[in-house]
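Have the viewer open and follow along.

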Amino acid sequence: MSEALEVLVFGSAIIDFICYTPRLPKAGETLHGHKFQTGFGGKGANQCVAAARLGARTALVAKLGDDSFGADYLRQLREENVNVEHVQQLSGQTTGVAQIAVSDGGENNIIIVVGANNSLSCSDVTSAATHFAQAKVLVCQLETPIEATLFALRQFKGVSIVNAAPAMEHTPKELLQLASIFCVNESEAALMTGVKSISSVGEANAAMIELMEMGANTVIITLGKLGAVCATKQAPEQYEHVPAPHVDPERVVDTTGAGDAFIGALAFNMARYPQNALTAHIEAACAVASKSVQLPGTQASFPRA
C-alpha cells in the first residue's frame, strides 16, 4: 500500500485538566471531586490521534506553547505516529488548556483557554502545502481562527470534513459551502439553526434540511446514544438514520472526546475505504465512539485497530 498521507488535520491541541466528581456543580457551588488527571486534548489533535490509532497515516498542523506542556504534547503526538512536521511551539505563548469536570454518570462540562492555538494562520496552510496536496481527507474544527480554517478549505481539493465545534451562532455561509461534509452534534445543530433543542431523529432531520438550505453539501448530525443522521443536498428529503451500538449505561464512564473519536474514525474510513457508502462510514464511526465512552479520559479512551 502506498505511504501517501491519508488524513490531514488542521486544528487545535490543548492540554486537559480533568476533575472527576459525583455530579456536575451548580452555579456558585464547590464540590469535592474524587480523582484528577491531566490528558492530551483539543479537537484537532484528538481527531488526528483517533484516526492514527485506527491505522491512518496522519499529519497535524497546529500550534503549541513554548512550555513544558507543549514539549510533552509534541512527544506524545510522535508516540501516536502522527506526522508533526507542521506542529510548532511558539516562543512567548502558552499551550492551550481545558478545564473539564466529569460526573459519575459520564456527563461533562468544559472551559477552554486556547493560548497558542489562536496563532494558527493562513501562512501555516501555505507552509504545509505538500500535505494539503497529498492528503485524501482534511479535517477542520472551530477551536482555531476561522479565517485560517476557511483558507485551508479553499486550498484543499480532496474530501473535507468540518466539525463545527464549538458552534457559532452566526456561521459563515462559506464554511458550510466549502466543506464536503459538515458534522455537528445535536446541541451545535440547535444553536446554528436557532431551534430550542434537538432530542429526536425527526428534529435532527429538520435541522439537517435547514443546514443544507444555509449552504451545506452533506450534513451529519450526531445524536449520542441514538447514533447519527445524514443527508445530502442532492436529495435533502432522503435522510438516513444510523443507530449506534447499544452500550449498557452502567458501562458509560466518560463521554469526553466521544465526538472526536467519531470524527477521527469517519476520516479514517473515508480515506481508507472511499468506495463504501457514507452510512457505512458513519456506522463504523459510531462503533468507535461507543467504545470510547466506556473508558476514562479523552485520547486515552480512543480504541486502537
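## The chain as a whole

Ten helices and 13 strands make up the secondary structure of the protein chain. Please keep in mind that this is a predicted model.

How does the radius of gyration of the protein chain compare with that of a compact globule? For 305 residues, the globule rule gives a value near 19 Å, and the chain has 18 Å, so the two agree. Along the principal axes, the C-alpha atoms fill a box of roughly 50 × 45 × 40 Å.

## Burial, contacts and surface

Taking under 20% relative accessible area as the cut-off, 53% of the 305 residues in the protein chain count as buried. Among contacts with a separation of 6 or more, 65% are between residues 24 or more positions apart.

The accessible surface of the protein chain comes to about 13,400 Å². Carbon and sulfur atoms account for 52% of that area.

## The E2-E6 pair

Which way do strands E2 and E6 run relative to each other, parallel or antiparallel? Strand E2 (residues 14-21) and strand E6 (residues 96-103) run parallel, joined by eight bridges. To find your place in this pair, look for Cys 19, which stands opposite Ala 101 in E6.

Note on methods:
Residues numbered from 1 in each chain as written. Predicted model: local features only at pLDDT ≥ 70, side-chain atom pairs only at ≥ 80, totals over all residues. Heavy atoms only, no water. Pairing = 2+ DSSP bridges. Helix = DSSP H or I, 4+ residues; strand = E, 2+ residues; numbered from the N terminus. Rg over C-alpha atoms; globule rule 2.2 N^0.38 Å. Buried < 20%, exposed > 50% of the residue type's maximum accessible area, 1.4 Å probe, protein only. Contact = heavy atoms within 4.5 Å. Areas by Shrake-Rupley, 256 points an atom, 1.4 Å probe, with all protein chains shown as cover.
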